[in-house]
Amino acid sequence: MKLILANPRGFCAGVARAIDIVELALAAYGAPVYVRHEIVHNRHVVEELQKQGAIFVDETAAVPEGGVIVFSAHGVAPTVWHEAKARHLRIIDATCPLVTKVHLEAIGYAKKGYSIVLIGHAGHPEVEGTMGEAPHATWLVQSVEDVQRLDLPDPDKVIVLTQTTLSVDETIDIQDAVRARFPALRVPRKEDICYATSNRQLAVKELARLADVVLVIGAANSSNSKRLVEVALAAGTRSYLIARAADIDSEWLSGAGCVGLSAGASAPEVLVQEVVRYLQGRGATEIEDLTAVEETMTFNLPRALAETVRTKGVGAPILERHAAHR
């Protein structure tokens with residue numbers, strides 16, 4: 001059996017930054033540090049941070065007054081900020097800068113009187129956060145059918161924004177449907193789907209052409225991971241989402257001469273290597289990399305947190321790693 005590893009795969013810059021922020025907060029302020037929702041959608045990551053003293057909560061009300069709270073990479077609505085400030089919490093924002101970009105777009109266009117058509121998945125934390133910036137001016141659509149039901153106040157002032165972790169191809173179809181209904185549609189200067197999502201989907205498209213089956217490591221609630229499975233399936237290749245090696249059904253590999261392996265943006269490399277070892281134990285003797293694009297993106301840490309850990313003389317390895325990537 002041949003095993004092909006997709007590149008890029010696994011952690012993106014926003015996920016790596018968010019995890020580093022929680023670890024630096026623990027180093028600076030000590031345990032417990034509270035994190036609103038999963039910092040990223042991966043159980044392994046969450047459990048590792050819990051071991052260090054992070055406590056994950058669904059609402060700010062679960063954090064003791066004056067405590068330290070980290071907002072996850074998915075971002076939060078303004079109401080969550082207000083609640084945290086009312087409880088005198090020390091807020092550390094780990095929102096991915098590319099999600100923040102979408103928030104700022106929503107705020108700006110709402111102020112200009114635009115109707116915002118947001119392409120995304122209902123109930124996803126990122127979507128809830130973005131809609132919370134301008135709830136009076138935002139309409140969520142999840143499909144072309146949803147677009148047909150839109151009733152907007154001014155068809156000449158419409159902007160389309162997207163959740164950052166969607167399928168590139170599917171989003172194009174929905175956006176085209178919005179444009180067909182509202183020809184004056186505007187789109188952001190730079191697309192909202194993040195570079196990591198696009199890159200991983202591109203790599204899986206190439207992987208699906210070569211493999212008999214594609215395995216994607218990621219959580220069941222990870223939007224970008226589920227999109228990778230869909231991309232492989234759309235290419236006509238059997239594909240399965242797994243949290244780790246133990247989830248693999250040996251029947252999936254029956255008759256497969258070539259297995260492709262990728263991982264969503266919130267899946268750590270340790271889980272990839274676990275699956276590699278599993279497949280080696282079942283006859284994968286040839287392993288090669290397939291690189292679709294090189295990734296060099298990095299994001300700065302929150303300035304106040306970085307200054308605090310430097311002053312306290314903690315977190316040096318993380319600070320040095322970020323400095324090296326600049």
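## About the model

Residues are numbered from 1 along each chain as its sequence is written, and side-chain values use heavy atoms, with hydrogens and water left out. Because the model is predicted, local features need pLDDT of at least 70 and side-chain atom pairs count only at pLDDT 80 or more, while totals for chains, interfaces and linings use all residues.

## Glutamine 163

Let's start with glutamine 163, which sits in the loop that runs between strand 8 (158–162) and helix 7 (168–181). Helices (H or I, at least four residues) and strands (E, at least two) are DSSP runs, numbered from the N terminus. With a relative accessible area of 1%, glutamine 163 is buried; that term means under 20%, with exposed over 50% and partly exposed in between (1.4 Å probe, protein chains only).

Its side chain makes polar contacts with the side chains of threonine 165, at 3.0 Å, and serine 223, at 3.3 Å. A polar contact is a pair of N or O atoms within 3.5 Å; within protein, one must be able to donate a hydrogen and the other to accept it, and residues adjacent in sequence count only if both atoms are side-chain atoms.

## Aspartate 247

Now to aspartate 247, found in the loop between strand 10 (238–242) and strand 11 (258–263). Aspartate 247 is partly exposed, at 38% relative accessible area. Its side chain reaches the backbone nitrogen of alanine 243 at 2.8 Å.

Setting aside neighbours within four places in sequence, aspartate 247 is in contact (heavy atoms within 4.5 Å) with Ile242 and Trp252.
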